[in-house]
Amino acid sequence: MNTNSNGTAKDSLLGKSTPYCGVYNPELLFPIPRQEKRDEINVSIGNLPFVGLDIWTAFEVSWLNSKGKPVVAIAEFAFPADSEYLIESKSFKLYLNSFNGTRFSSPEEVVKTWIKDLSSACGEEVSVDLRNLDFDETLVSKLPGINLDDLDIEITDYQLNNQLLRNDDSNEIVSETVNSHLLKSNCLVTGQPDWGSVVIRYEGLQIDHESLLHYLISFREHNEFHEQCVERIFTDIMTFCSPEKLTVYARYVRRGGLDINPYRSNFEEEFDISRTLRQ
């Protein structure tokens, strides 16, 4: 597979015409070093201020069984936040498509192949949860916490601005969870819109809700991958609001049959990743 450590998003297949490949090909995977964008937020792979996962859900998964009969499923992939590389989404889609015309002896063989290829590409062990299409509807749920979207605020600028963040004047120590469906960023390469919902859970001085919503909306014209946006939100809140504990989790709307849902936390190693109606 393409493990060129100098590969950047602009070197990937994003925004380029690519042929469909229905024959298994791990070389389609395009890893991108995480550190390039982490330099912008002053964090490094050896000293991360958070733990977390990038949870990918693939809704268009198929392969052929040993008799050539198609199998379809839904797969969930978990990439560790401390992996050296993230996987560019179009290359991941092309890689999954390469299973469509390939025979495998069992679903277990498919999962083992995914784990081997993806772990090799990102640099850490990837976990996979394979589901049939009779999944439980209760997996769809509301986001936890207080929704900020009805706050009556006026927006005059849509440029990313972390200076908007502040604590309120109460000096009150709180433990709260808030959420918003108004997160929107754009693909780093193509500029296509990425729509998301975000959950922020923290303990510390009360964060001013209006300032937080202003800040989240300021991502509206910002070009960055999902994982990078969540890490930026985490580090900006830590810098400007200084909570003792913080979790940031984003649930993005799928594109190309894939959704990407990163979470980062300095106190939670697991987080509820139930889907919302948008997924």
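Here is a short chat about the predicted model shown above.

Biologist: I'm new to this one. How many helices and strands does the protein chain have?
Modeller: Five helices and ten strands. Keep in mind that this is a predicted model.

Biologist: What does the C-alpha trace span along its principal axes?
Modeller: About 65 × 40 × 35 Å.

Biologist: And what about the radius of gyration?
Modeller: The protein chain has 19 Å, and a compact globule with 279 residues would come out near 19 Å, so the value agrees with that rule.

Biologist: How much of the chain is buried?
Modeller: Of the 279 residues, 51% count as buried. As for the surface, the accessible area is about 13100 Å², and carbon and sulfur atoms account for 48% of that.

Biologist: What about contacts along the sequence?
Modeller: Take the contacts between residues at least 6 apart in sequence: 75% of them join residues at least 24 apart.

Biologist: Switching to pockets. How much space is in the second largest pocket?
Modeller: About 160 Å³.

Biologist: Which residues line it?
Modeller: Among them are Ile45, Leu48, Phe50, Val51, Gly52 and Leu53.

Note on methods:
Residues numbered from 1 in each chain as written. Predicted model: local features only at pLDDT ≥ 70, side-chain atom pairs only at ≥ 80, totals over all residues. Heavy atoms only, no water. 1 Å grid on protein atoms, 1.4 Å probe; cavity = no way out; pocket = protein on both sides within 12 Å on 5 of 7 lines; lining within 4 Å. Points joined across faces, edges and corners; volume = space filled by probe spheres on them. Helix = DSSP H or I, 4+ residues; strand = E, 2+ residues; numbered from the N terminus. Rg over C-alpha atoms; globule rule 2.2 N^0.38 Å. Buried < 20%, exposed > 50% of the residue type's maximum accessible area, 1.4 Å probe, protein only. Contact = heavy atoms within 4.5 Å. Areas by Shrake-Rupley, 256 points an atom, 1.4 Å probe, with all protein chains shown as cover.
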